Amino acid sequence: MSAPDQDAEVPDHPPLFRFDAVTVDLDGVRALDGVSLSLPDHGVTVVVGPSGSGKSTLLRLCNRLEAPTTGHIAYRGQSLHALDPRRLRREVGMVFQRPVVFPGTVRDNLLIAAPDRDDDALAATLVRAALDPALLDRDASGLSGGEAQRLGLARTLLTAPLVLLLDEPTSALDATPKRDFERTVLELSEQGTPVLWVSHELAQVHRMTDRLVVLEQGRVVLLLDDPADLDDDPVVSRLLAPEADDGSR
Amino acid sequence: MGRGDVGALGVALSLLLVAAAVALSRWQGLRLEASMLWSVLRAMVQLLLVGAALTLVIDPDRPILASWAWVVGMLAYAGDVVRRRAPRIPRLWRLAVGAFGVTSAISLGVVFGLGVLPHEGRTVVPLAGLMIGNAMNASVLVTRRVVEDLRDRRAEVEARIALGHTAREAAHPSLVTALRTALIPQIETTRAVGLVFLPGAMTGLILAGVHPVDAVLVQAVVMFLVLGAAATNATVMALGLPPRLFTADHRPIWLVRTTEH
């Protein structure tokens with residue numbers, strides 16, 4: 001028998017995701033370069049960095065939309081590679097930057113995620129995503145950008161995810177729908193769903209962050225556990241444009 | 001000269017038509033005379049060679065196995081044509097040859113197994129050739145269209161995968177679109193037959209002196225064989241493509257292009 005595991009990095013509550021020297025090459029370009037990182041299993045972790053810094057790749061690794069070229073990733077203490085990818089993807093839900101609307105009604109869109117749900121369950125999910133349940137019969141192609149993004153969130157919620165990955169989900173939204181979307185996600189986080197949120201806006205980072213990961217050229221250049229440190233940090237102020245603060249985009 | 005027979009003199013006289021085309025080209029300064037004469041010469045040599053080979057293979061005294069060996073050769077070559085038209089898709093030759101095999105087994109099985117046409121060298125090789133030729137076009141069309149449609153729907157496909165769909169589920173809308181694209185021309189041709197054009201088999205039979213009604217019956221069999229073969233082949237190809245376009249963990253492989261430049 002082997003001796004009891006004395007490795008302090010295998011605690012009772014393993015991190016949500018743990019990256020060990022993860023490198024990703026996409027079409028000959030190094031998207032992530034030796035990233036080692038532990039993300040906690042609670043709150044909202046915001047990932048920021050200039051475009052091309054590897055934010056989306058980091059997020060997409062978490063539900064295996066990308067695979068590491070080298071290195072290892074663990075999800076709640078289990079090797080990501082050893083898990084059933086389909087179960088993992090339903091457990092680790094993803095909302096994309098551009099809202100994806102499938103042909104058909106809002107109901108058709110929701111049934112893609114959960115074909116056996118009845119209208120009551122679908123309506124309840126719309127409410128959770130702050131959408132009017134009367135939209136079920138509406139042609140989904142006629143939704144506004146904000147509504148379409150919420151529909152994407154509702155569709156993801158139908159797989160009963162334990163974790164949410166959000167890849168710049170509000171970048172195409174105006175100020176009001178953006179704030180509404182943020183509020184919904186904060187509520188989900190408070191109800192116990194850990195969130196990984198890719199953003200490029202300083203103001204949004206202020207509103208959402210429990211913990212900040214800053215990427216540059218595929219490497220982690222800063223980790224902040226206390227959002228109060230945000231204001232004084234030279235890396236943050238260099239990388240995040242203050243003109244996006246007014247949320248008027 | 002018997003009915004439908006064309007002797008050497010007949011062929012020589014028909015060359016007058018080529019001479020007329022050459023004369024027209026010269027008169028109008030098209031400078032196509034040399035390429036016209038070369039293509040006519042080439043066509044004659046190719047057709048004579050194929051005719052000689054077919055004579056050997058479909059000789060009634062030769063075992064029918066020789067005809068089937070010819071068919072197997074056609075299958076392998078057609079598989080290679082499909083592979084070359086979409087060289088970036090892995091293991092495509094195996095899929096294409098498998099699809100041709102399934103298609104041949106079903107369609108030739110019906111035609112010969114049920115005695116629709118006599119099982120002889122003179123029927124096996126031409127019918128298999130016709131069927132494989134059409135199935136090959138359907139294969140190439142469906143393969144290219146699946147790859148293009150998946151790329152057009154990239155966001156949709158990724159969203160489905162992220163929702164836990166399998167590669168096959170995520171690719172399904174693209175497979176449907178590609179199959180429709182590949183089969184609609186066949187259906188249109190079948191619908192317009194006789195009204196717009198008289199198809200090749202029927203024209204050939206009538207020229208050879210066969211009664212038009214008998215020619216029509218043969219043509220009907222050929223047409224149904226071609227339609228059935230194209231549909232079967234395209235479907236087998238579409239079903240076999242997802243494992244070649246996605247990883248084992250259902251991640252799409254985005255092919256940059258389907259043909260080499």
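Mentor: Two strands pair if DSSP finds at least two bridges between them; strands (E, at least two residues) and helices (H or I, at least four residues) are DSSP runs numbered from the N terminus. This is a predicted model, in which local features need pLDDT of at least 70 and side-chain atom pairs count only at pLDDT 80 or more, while totals for chains, interfaces and linings use all residues. Residues are numbered from 1 along each chain as its sequence is written, chains are lettered from A and ligands numbered from 1 in the order in which they are written, and side-chain values use heavy atoms, with hydrogens and water left out.

Trainee: In which sense do β7(A) and strand β8 (residues 195-198) of chain A pair?

Mentor: Four bridges join β7(A) to β8(A). Within this pairing, A:D167 stands opposite A:V198. The sense of the pairing is parallel.

Trainee: Which helix belongs to the β-α-β unit of β7(A) and β8(A)?

Mentor: The unit is right-handed: with the strands pointing away from the viewer, the path from the first strand over the helix to the second runs clockwise. The helix, residues 175-190 of chain A, is α6.

Trainee: How many residues of strand β7 (residues 163-167) of chain A are buried?

Mentor: Buried means under 20% relative accessible area (1.4 Å probe, protein chains only). In a regular strand the side chains alternate between the two faces of the sheet. In β7(A), A:V163, A:L165 and A:D167 are buried on one side, and A:L164 and A:L166 on the other. The number of buried residues is therefore five of five.

Trainee: Which residue of β7(A) is the bridge partner of A:V95?

Mentor: Strand β6 (residues 92-95) of chain A also pairs with β7(A) in the parallel sense, over four bridges. The partner of A:V95 is A:L166.

Trainee: Which three residues supply 34% of the area that chain A buries against chain B?

Mentor: Buried area is the accessible area (1.4 Å probe) that two parts lose on being put together, summed over both. Between chains A and B the area is about 1600 Å², 60% of it from carbon and sulfur atoms. The three residues, which supply more than any other three, are A:R86, A:R89 and A:F102.

Trainee: Which residue of chain B meets A:R86 in a salt bridge?

Mentor: A salt bridge is a side-chain nitrogen of Lys or Arg within 4 Å of a carboxyl oxygen of Asp or Glu. The count between chain A and chain B is three. For A:R86 the N to O distance is 4.0 Å, and the partner is B:E169.

Terms used. Buried < 20%, exposed > 50% of the residue type's maximum accessible area, 1.4 Å probe, protein only.
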